[in-house]
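Please work through each task before reading its solution.

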Amino acid sequence: MCTLEQRGNLFFLTLTGDNEHRLGPTLFDSIRSALAQVKSQATPGSALITTAQGKFFSNGLDLAWAQAAGSSSFRDRLSHLLDCFKPIVADLLSLPMPTIAAVSGHAAAAGFMLAISHDYVLMKNDRSVLYMSELDIGLSFPDYFMAMMKSKISDPAARRDVMLRAKKVKAEEAVRMGIVDSAHDSAESTVKAAVLLAEQLSGRKWNGEVYAEIRKAMHPEVCGLLGLSHRAVVAPRL
């Protein structure tokens with residue numbers, strides 16, 4: 001479902017297989033296990049790059065799993081998926097290192113959320129889109145989705161188009177809208193650029209605990225909804 005590789009100070013979390021990387025119970029467990037391992041092995045200068053194989057970064061929650069038990073159980077199963085995804089967002093926002101999403105395929109709904117839960121988003125410039133599909137499929141946004149969108153997409157018009165038009169946004173437009181940091185010609189060049197950025201950040205050798213606390217302080221509303229507390233950390237390097 002996902003693999004974790006360490007190359008020096010850099011960790012590579014890869015969603016594996018040529019599929020939609022739908023976020024369901026098994027993949028949730030796999031991602032959380034990988035992130036826990038990353039956190040336990042973090043040192044000053046560590047950085048995380050998350051990417052995926054195939055034409056999807058992630059096509060969102062595993063709605064087929066939610067529907068498999070019948071219509072009467074769909075709401076409960078959907079709620080369970082949203083509850084299980086919440087700790088992954090929390091894990092990323094509290095990870096003691098810079099995080100980069102190398103989006104080399106479509107990222108929809110919770111897949112979009114997974115991408116912007118990273119500090120930086122780099123994206124392949126082809127047919128791939130960022131797409132919040134909830135309006136089109138008849139679902140409202142969970143509170144922590146809304147808070148994350150407000151925190152990560154600062155321009156009101158861009159946020160409106162993503163959430164109230166269900167706009168499918170390609171890489172170059174996503175850069176102009178302030179959602180994506182840079183667009184690249186291929187999956188390989190997207191990952192290469194992510195590695196270059198990670199190496200630059202890694203070279204600063206920041207204290208991971210300080211980094212995580214500053215990040216959490218930048219996103220107080222979503223961190224509150226995720227149950228993440230913020231505290232002052234003093235680790236002087238003078």
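**Exercise 1.** Determine how many bridges join strand S3 to strand S5 (residues 99–103), and in which sense the two strands run.

*Solution.* Step 1: S3 and S5 are joined by three bridges and run parallel; strands count as paired if DSSP finds at least two bridges between them. Helices (H or I, at least four residues) and strands (E, at least two) are DSSP runs, numbered from the N terminus. Step 2: within this pairing, Thr50 stands opposite Ala101 in S5.

The model is predicted, so local features need pLDDT of at least 70 and side-chain atom pairs count only at pLDDT 80 or more, whereas totals for chains, interfaces and linings use all residues. Residues are numbered from 1 along each chain as its sequence is written, and side-chain values use heavy atoms, with hydrogens and water left out.

**Exercise 2.** Identify how strand S2 (residues 10–15) pairs with S3, and describe the crossover between them.

*Solution.* Step 1: S2 and S3 pair in the parallel sense over six bridges. Step 2: Phe11 is the residue opposite Leu48 in S3. Step 3: from S2 the chain passes through helix H1 (residues 25–40) to S3 in a right-handed β-α-β crossover (with the strands pointing away from the viewer, the path from the first strand over the helix to the second runs clockwise).

**Exercise 3.** Locate the salt bridge partner of Asp119 and state what the pair ties together.

*Solution.* Step 1: Asp119 meets Arg215 in a salt bridge at 2.8 Å, N to O (a side-chain nitrogen of Lys or Arg within 4 Å of a carboxyl oxygen of Asp or Glu). Step 2: Asp119 lies in the loop between helix H4 (110–116) and strand S7 (120–124), and Arg215 in helix H10 (residues 208–218), so the pair ties together parts 96 residues apart in sequence. Step 3: Asp119 is partly exposed at 22% relative accessibility, while Arg215 is buried at 3%.

Key
Buried < 20%, exposed > 50% of the residue type's maximum accessible area, 1.4 Å probe, protein only.
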